Amino acid sequence: MLRIFIHRLLLGIATVAMVSGIIFAAVEALPGDACTAILQRDASGERLANCRRELGLDRPAATRYAEWAFGAVRGDLGISAHNNKPIASLVGDRLKNTLLLAGCSLALGIPLALFLGVLTGLRRDKFSDLAISTIAIFAMTIPEFVTATVLIFVFSIWLGWVPGIVTASASSSLSAFFPGIVLPVIVLTMVMTAHIMRTVRSSVIDVMSSDYVQMATLKGAPYWQIVFRHALPNALLPAINVIALTVGWLLGGVVVVEKVFNYPGLGHYMIDSISDRDLPVVQAIALIVATAYVGVNLAADLLAMTFNPRLRTLKARSP
Amino acid sequence: MTGDILIDVQNLSIGFTGRSGKLLPVLRNIDLGVRRGETVGIVGESGSGKSTLALAMMGYLKHGLRVISGRSLFDGRDLLTMPSCELQRIRGGKIALIPQNSGQSLSPNLRVGAQLTEALALHGKLALSAFPARVIQLLQQVRLPDPEVIASRYPHELSGGQQQRVAIAMALAGEPEALLLDEPTTGLDVTTQAHILELLSDIAVRSDKAMVYVSHDLGAIARVCSRVVVMYAGEIVLDGDATTVLTNPGHPYARGLLASIPRLGNPSLPIALEGRPPPPGDAGPGCSFVDRCAIAESPCRAERPGLQPLLAGGRVRCRLTERAESIPTKRDGKPASAGGSFGEPLVRLSNLAISYARQSLVDQLLGRKPQGVPTVDRVDIEIRQGEVIGLVGESGSGKSTILKAVAGLVGPASGEIAYDKSGALPATVEQRRPEQLREIQLIFQNPDESLNPRHTIEQILAQPLQLYFGLSGDALRERSIAILERVRLGAHYLDRLPSQLSGGEKQRVAIARAFAAKPRLVLCDEVTSALDVSVQAAVLDLLDQLRRDSSTTYVFVAHDLAVVRALSDRVAVLYQGRLCEIGPTSAVYSRPCHPYTEALISAVLEPDPGARPVLMAEDIMELSPPAKGCPFQRRCHRKVGPICESTTPPQRDAGAGHVIHCHIPIGELTSAQTVSALGNAVRPHVQ
């Protein structure tokens, strides 16, 4: 078990290292650099060369990559080209906000998704299944900005229950985000719940028609004992990986929702940095998102291993 | 010892709603009573409704099925209308199921001990504190070594035989009055199967439980049951005592079924039962077997015969039962083997070793060879032009691996495969010349997986014809039709999809595809094991005919020893990827010399109520072949001594190309045998 864990961890670190190289190369390949972003129209001739010398951009790419990578390991992500502040603290604030948004959505969405998935799976083809599954398909297919706009219109403009946008700044304390965070959380929950629920539903249906559930029935086990002891521990395993992907998505990519609600999270900041041509920040955010994906998937694999005895047994059982 | 009727199925019909909205019956008017202390076998081919019937005896219907008419009584009460809380007490407590494929019937997330404890808790006949001891006792009762260790294992950590024993222990946990066994040994190796059946027949003899044993395997039924019910197309067609049903049955279907079973003691090909049963809802007004019946008359088509009692006991659903005896149940002895003389050597495997061990990244970088014992090792076989060589052995014996190496799907780790006069064959398909690829064709076990479900039969057959012969247009079509006719299918099959064919027809298409390439060597990998016996006989007959017509060479891999006997000229016995014995089929079967061959052949079940398999080899789980000595040393009943563990066994020559790899001197091997000669004689009746 420990060996597998260390093995996976090393693989994860290798993946992040590779991704960092790709990110660096991609940013490098873009026309312009931090100096052109800082100097903007003045970026030519002597001033540009001076700036590059100052920031060390005239050195070879490999040296700069090494410097950036080692800095990132120590938590130093460089200086923003836009306002000359350390990126670590700028991104840190946004990361904290994104974590708050993701945490609230997950806390609401995962239990809801599991409950609905199990319910619809057990009540396959009955009215409740058809109704919930249909709503889920709608929630999945309607783009977030449409849902968000409709929710703002209904709950904020029409009913006036919650604010339509978040007015707190990036560095304000977490409590400042309530109640503005309510609508974005609802939008995100709708999308993710539908995904997870549909996976759980099909997995529950598979397991409920498996030989071992039939066997448990014929052993005389009561229905709820079959569901909780024999079916669910096996049926929920596939959900772990879907949840992991959802968490990764929530941490890095909810650009649209953050933008619509003016929520100062990572995605929002990423868009702003791109339009400001603040390449060091773009580079840093890309690295953080990649690391989050790898970390979450690693955690999911380990969880799956904990709950699935078949993954735990090593091949080596020879005499 | 039989008592009152415990299980009583009355006029039961069960069906499902078809796509057309019509109710299609899978069981039709079943009447069957099982008494306490009685063991009833239910036989039938796939789709005959035997498993549906067994589950209905527990009041269980699979998703989509519903009762059309009738009742399923247990101890006088109808289980099909019983509220579920009462059903829960009866299931497992009064009547328990031993399922097919226990590997999938045990919950993968619970340890064996926990699952047994659950069964004990559900039917509360014991105090909580007595559970652990009872779990151990149950595991001992099904003869599992180290019950404490087994109880702490997860199901996937056990071998197939051990899983089956755990399932039996679980069924016994509730101390039921009746046991239902649904194909409990299907999918197990012969030696394991013989052990499980011995355990089951012990339970049958010692207790006064009512037992219902469902199987397609008449051999297994013969071993355990005193009474046999034959099902066909959802009906009971014959019901009688085991000896009569298995030797001289009064129904044409049962007689045809018996004739289609290959037997160890008979070197000839089994007789095929042509045609197939009507699909649910498609049986005409008459007898459901009429289209395949050799003695059918026109009244048989008009009216469905009733299940009539027979004077000698039992029941039969046939108008002409007196005349059924004219249908033979044994073969006349048309030998499959082409005789002793064959052409030049076509393939020579010399000192072949194959390893599945994957090189790790580090090993690859350092250029190291993969570690570990190879899956197949030290195999020397010479195959001559026009002969059929059978490879037999249990799962893990490496027989399919050798086929894959000859086909070029896995490369040998060492040794070589010489082909014809061209020398060593290149290791993999990519390196072989088109001519070599054409001449060596492979037929797979399961046509459902080897035929592309989206290609029509025409497209499937066109591939080799276009690829190897560049045919197109009318010539292509003509050749496709000619090939289909050779496998006894007509031109009207060309635009069908595989899903529109029966299992036997699909396998014929797979055979046609192989023969379309005009191969010299055909590799058959368990080609009949997914088929029903009556269909299997037809496929064997076809393979034999094709080989006579075109003097093709076959390498025939099968786990069923009787099937191999029917078709092969020579047979090689493999254990854990090592050769144990090789020789002419008649010599190896009539005089098995290697202890493993002896154990294997003596464990085979024959559909003969008098025969009883002899259990010689321990049924332990082999994890990997030993690095040194004889591969069979750990299970051998004739182990010589430490030499078996340290030294590779020498080749002993028994004459006529019969070679045995064993430390026992040749004189002792051929004379002092535990099992008497099989030949055409009767098998030993050990009582």
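Biologist: Which residues of helix 1 of chain A meet helix 14 of chain A?

Modeller: This is a predicted model, in which local features need pLDDT of at least 70 and side-chain atom pairs count only at pLDDT 80 or more, while totals for chains, interfaces and linings use all residues. Residues are numbered from 1 along each chain as its sequence is written, with chains lettered from A and ligands numbered from 1 in the order in which they are written. Among the residues of helix 1 of chain A that meet helix 14 of chain A are Ile4(A), Gly12(A), Val19(A) and Val27(A), where contact requires C-beta atoms, placed from the backbone, within 7 Å.

Biologist: Why are helix 1 of chain A and helix 14 of chain A called roughly antiparallel?

Modeller: Helix 1 (residues 2-29) and helix 14 (residues 279-307) of chain A pack at an angle of about 160°, with their axes 10 Å apart. Angles over 145 degrees count as roughly antiparallel, and these two helices of chain A are therefore roughly antiparallel to each other.

Biologist: What makes up the contact of helix 1 with helix 14 of chain A, by class?

Modeller: That contact has 17 nonpolar, five polar and two charged residues; Ala, Val, Leu, Ile, Met, Phe, Trp, Tyr, Cys and Pro count as nonpolar, Asp, Glu, Lys and Arg as charged, and the others, Gly among them, as polar.

Biologist: How many residues join chain B to chain A by contact?

Modeller: 27 residues of chain B are in contact with 21 residues of chain A. Helix 4 of chain B gives the largest share of the chain B side, three residues, and by class that side has eleven nonpolar, twelve polar and four charged residues.

Notes
Contact = placed C-beta atoms within 7 Å. Helix = DSSP H or I, 4+ residues; strand = E, 2+ residues; numbered from the N terminus. Axes fitted to C-alpha atoms, helices over the stretch in contact; angles between N-to-C directions. Parallel < 35°, antiparallel > 145°, perpendicular 65-115°, else oblique.
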